[in-house]
Amino acid sequence: MLSTPSNTAVAGSQIGDHGIADGIDEGVLTTFFSETVCDRIACLEHELRGTPRFHDPLAWRYSVPELAGLDFSPETGRAACSAARMMEMFRLFGVLSLDLRDVPGLGHGRILNSIGSRTQFLTELRQIAHGKSFVAICITEEQGGSDLHALQTTADRHHNGYTINGTKSYVARLRQADFYIVFAGVHGLEHGLSAFLVRSGTPGLSISDIHALGLQGISWGTLQLENVHVGLGDRIGGEGQGFSLFSDHFTYWRCAMAAAAIGCAQAALNRVKQRLHTRYAFSGLIGRFSHLQQEYAVHASRLHMAWLLVQDAARRIEGKLPGYMDSAMAKAEAVEAAIAAVQWAMLVHGAYGYSVEAGLEKRHRDLLGLRIADGTTDVLRGQVARGLLGDELYALSLGRDVPPRNSIKERRLW
Ligand SMILES: Cc1cc2nc3c(=O)[nH]c(=O)nc-3n(C[C@H](O)[C@H](O)[C@H](O)COP(=O)(O)OP(=O)(O)OC[C@H]3O[C@@H](n4cnc5c(N)ncnc54)[C@H](O)[C@@H]3O)c2cc1C
């Protein structure tokens, strides 16, 4: 038990006080950090609770830099925490707020730590791991989100670097980020995308905001790049390596977002549990109704199944086994299970569940954003089907040249 003010808040909580159901899981936290760091995190939670800054990931990262450095050791370049352990952290912060999904680790800065580029970006990686810098990933454009082949941003190669032109849309974190990882097609290179590190403040960049329904703890908007110059040393990996950087990174990141979604819904189910035990209707606790008990069991089971998918995908990442399909499965199913659980939690809370004060509607709005961000559920299920059924049917669905069936490449789950 930590000796912090948050304990007092938790002890004094009633229904409607987010302390019990939506608080930091101290049991998990103490397995990551010393008592001093745990105390700092608990104090911060207490200080920020009920203020808009509670949902600001930078407030957490700057105040407790140990959180930002969880998955990167500047000395070795290796992860300090395994992927499975990191998923516990993403889940823990998802309980607090889905806006805090960016708090643990390097976030999208992980791409800078990919093979062959670690020493190249060591200064930036250190800044990110010390909670001093933040990274936005800029892929989506008005004409291409799921379809990476439709991206139109271009990079023209010169003797000393590249000039990038294009417009990235629906990008999170632009206002907060110090570094943008921009995906573009190199002129003259027929196939493949390339990734570049662009520093905020570089001439030719301009940002405009888009008003989002949820996930408002960080900005969301458009990044215009007009003759933006980057050096040769700002290319991440080789020319045309963008797709492989993308799939490596999103194998991890989708798994992390699945864990955060599970945490987000877990908090809503905790609230339901309290409600079932305390709310009276028709002369008895509403928890006596078997349909509510049954539904509670269904949502808890679905979330737990999704968590097992996350753990399994994380183990594959750790074991360097192909995991693109597995993390797509985990993210798609976790987010859908989480949305269903939170919607049901609102119903169980009656009119109070529909109020902003209850905090459930925010969880719902945030999850609807996560359902689209980092790959929509439909598109991710398409990747799962591709893994299980093979490239032939996938190519047919997209009207691409159909490769001959190769059943050896089809994943078998049983
Ligand atoms: C909150 C939020 C944060 C975001 N943050 C970022 C960010 O930081 N950086 C960034 O680059 N982007 C970001 N995005 C954009 C996001 O990655 C894209 O919106 C997403 O990949 C979907 O692309 P799209 O919007 O173009 O949808 P589309 O590609 O138009 O897809 C729309 C729908 O069409 C169907 N569809 C399309 N293709 C297929 C297929 N192959 N198989 C089956 N169905 C298909 C599906 O039903 C899909 O849901 C964010 C989006 C949101 C909502």
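**Figure 1. Strand β4 is mostly covered, with eight of its eight residues buried.** A residue counts as buried if 20 or more other C-beta atoms lie within 10 Å of its own, as exposed if 12 or fewer do, and as partly exposed in between, with C-beta atoms placed from the backbone. The model is predicted: local features need pLDDT of at least 70, side-chain atom pairs count only at pLDDT 80 or more, and totals for chains, interfaces and linings use all residues. Residues are numbered from 1 along each chain as its sequence is written. Strands (E, at least two residues) and helices (H or I, at least four) are DSSP runs, numbered from the N terminus.

**Figure 2. Strand β4 and its pairing partners β1, β2 and β5.** Two strands pair if DSSP finds at least two bridges between them. β4 spans residues 179–186 and pairs with β1 in the parallel sense, over four bridges. Cys 138 has Val 182 of β4 as its bridge partner. Strand β2 (residues 154–158) also runs parallel to β4, joined by two bridges. Strand β5 (residues 194–199) runs antiparallel to β4, and six bridges join them. In this pair, Leu 197 of β5 is the bridge partner of Ile 181.

**Figure 3. Strand β1 is covered on both faces.** In a regular strand, side chains alternate between the two faces of the sheet. In β1 (residues 135–138), Val 135 and Ile 137 lie on one side, Ala 136 and Cys 138 on the other, and all are buried.

**Figure 4. Asp 178 sits in the loop between β3 and β4.** Is Asp 178 buried or partly exposed? Asp 178 counts as partly exposed because it has 16 C-beta neighbours inside 10 Å. Leaving aside neighbours within four places in sequence, Asp 178 is in contact with Ser 133, Phe 134, Arg 199 and Ser 200. Contact means that the C-beta atoms of two residues, placed from the backbone, lie within 7 Å. Thr 202 is 24 residues from Asp 178 along the chain, and their C-alpha atoms are separated by 10 Å.

**Figure 5. Domain 2 meets domain 3.** The chain is divided into domain 1 (5–129), domain 2 (135–239) and domain 3 (243–409). These bounds come from an automatic or database domain assignment. The C-alpha centres of domains 2 and 3 lie 28 Å apart. In domain 2, 11 residues are in contact with nine residues of domain 3. On the domain 2 side, the touching residues are seven nonpolar, four polar and no charged. Nonpolar covers Ala, Val, Leu, Ile, Met, Phe, Trp, Tyr, Cys and Pro; charged covers Asp, Glu, Lys and Arg; the others, Gly among them, are polar.

**Figure 6. A shell of 22 residues around the ligand.** Which residues come nearest to the ligand? They are Ile 139, Gly 145, Ser 146, Gly 369 and Thr 376. A residue is near a molecule if its C-beta atom, placed from the backbone, lies within 6 Å of it. At least two shell residues come from each of β1, β3 (161–172), α12 (360–372) and α13 (377–389). Domain 2 and domain 3 each contribute at least three. The shell divides into 12 nonpolar, seven polar and three charged residues.
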